[in-house]
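Subject: Structure handover

Hello,

Please find the structure below. My notes on what was found in it follow.

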Amino acid sequence: MVATAYNTLLKRRDALDDILRSAAETDALTGLPNRYRFERYLLDVCEGNDPVAVLMFDVNNLKVTNDRYGHSAGDDLLKRAANCISYGFGEQCFRIGGDEFASVVKNVGPEQIKQMIKRFREKEKEQNVSISIGYVYSEDIETTNMKKILDEADKRMYEDKQQFHAALQ
């Protein structure tokens, strides 16, 4: 009887551990993995030799949407953006900040990334969202500093965002 109670308690503890781990690693609004999980994933990627593309995203007009239509409309915009990003780039997509997202795609070449971006842009139009994007592709992660890859992808994303704002003027 004691053994049965102990085993039941262990199972409940393990289930609770899984729930807590998921809550700690998942963005509650979008359901995507969060920044903590992104940083852990990058450590794993750095240990391998796989070609990798790092993509950074920033949702356009979130502040305008929040100010004009309310935060629930902004939340909806973020959910639609997350849907577009995960649709285009698969499982390794992350919400890393308020309106910032990232994706890390392993074992792909430049042409495959272009096709994924095309698929993402089509979904973006369908979902009626605007998302700035920047990416860097590396064939050999061991010879490239991950911080430099992230910084360059972020820089390119902000260049895309500047073009978006320039087109509005």
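In these notes, helices (H or I, at least four residues) and strands (E, at least two) are DSSP runs, numbered from the N terminus. The axes mentioned below are lines fitted to C-alpha atoms, for helices over the stretch in contact, and angles run from 0 to 180 degrees between N-to-C directions.

This is a predicted model, in which local features need pLDDT of at least 70 and side-chain atom pairs count only at pLDDT 80 or more, while totals for chains, interfaces and linings use all residues. Residues are numbered from 1 along each chain as its sequence is written, and side-chain values use heavy atoms, with hydrogens and water left out.

Overall picture

The protein chain has six helices and four strands. Read from the N terminus, the order of its elements is α-α-β-α-α-β-β-α-β-α. The C-alpha trace spans about 75 × 45 × 25 Å along its principal axes. Of the 169 residues, 38% count as buried (buried means under 20% relative accessible area, exposed over 50%, partly exposed in between, with a 1.4 Å probe and protein chains only). Of the contacts (heavy atoms within 4.5 Å) with a separation of 6 or more, 70% are accounted for by residues 24 or more positions apart.

Helices α3 and α4

Two packed helices are described by the angle between their axes and the distance between the axes. For helix α3 (residues 62-69) and helix α4 (residues 71-89), the axes come within 7 Å and cross at roughly 145 degrees. On the α3 side the contact is made by Leu-62, Thr-65, Asn-66 and Tyr-69, and on the α4 side by His-71, Ala-73, Gly-74, Leu-77 and Leu-78. Sorted by class, this contact has five nonpolar, four polar and no charged residues. Here Ala, Val, Leu, Ile, Met, Phe, Trp, Tyr, Cys and Pro count as nonpolar, Asp, Glu, Lys and Arg as charged, and the others, Gly among them, as polar.

Helix α4 has 19 residues and reaches 27 Å from its first C-alpha to its last, close to the 27 Å expected at 1.5 Å a residue (the expected span is 1.5 Å times one less than the number of residues). Its buried residues are Gly-74, Leu-77, Leu-78, Ala-81, Ala-82, Cys-84, Ile-85, Gly-88 and Phe-89. They cover an arc of only 160 degrees around the axis, which puts them on the same side of α4; the arc is that of the directions from the helix axis to the C-beta atoms. Against them pack β1 (52-59), α3, β2 (93-95), β3 (100-106), α5 (110-127) and β4 (131-138). Just after α4, Gly-90 takes a positive phi of about 85 degrees.

Helix α5

The 18 residues of α5 should span 26 Å at 1.5 Å a residue, and the end C-alpha atoms are 25 Å apart, which agrees. Buried in this helix are Ile-113, Met-116, Ile-117, Phe-120, Lys-123, Glu-124 and Gln-127. Seen down the axis, the buried residues of α5 fall within an arc of 125 degrees, so they line one face of the helix. Glu-111, Lys-125 and Glu-126 are exposed on the other side. The cover over the buried residues of α5 includes β1, α4, β3 and β4.

Aromatic pairs

Rings of Phe, Tyr and Trp (its six-membered ring) pair if their centres lie within 6.5 Å; planes under 30 degrees apart count as stacked, over 60 as edge-to-face and the rest as tilted. By this rule there are five aromatic pairs. One of them, Phe-89 with Phe-120, is tilted, at 5.6 Å centre to centre and 45 degrees between the planes. Phe-89 lies in helix α4 and Phe-120 in helix α5, so the pair ties together parts that are 31 residues apart in sequence. Phe-89 counts as buried at 4% relative accessibility, and Phe-120 counts as buried at 0%. Phe-38, Tyr-41 and Phe-94 form one aromatic cluster.

Helix α6

Helix α6 (residues 146-168) has 23 residues and reaches 33 Å from its first C-alpha to its last, close to the 33 Å expected at 1.5 Å a residue. In α6, the buried residues are Met-146, Ile-149, Leu-150, Ala-153, Met-157, Lys-161 and Phe-164. These pack against α2 (35-47), β1 and β4.

Positive phi in two loops

Most residues other than glycine have a negative phi. Asn-61, in the loop between β1 and α3, has a positive phi of about 70 degrees although it is not a glycine. At 30% relative accessibility, Asn-61 counts as partly exposed. Asn-128, in the loop between α5 and β4, has a positive phi of about 55 degrees and is not a glycine either. At 64% relative accessibility, Asn-128 counts as exposed.

Regards
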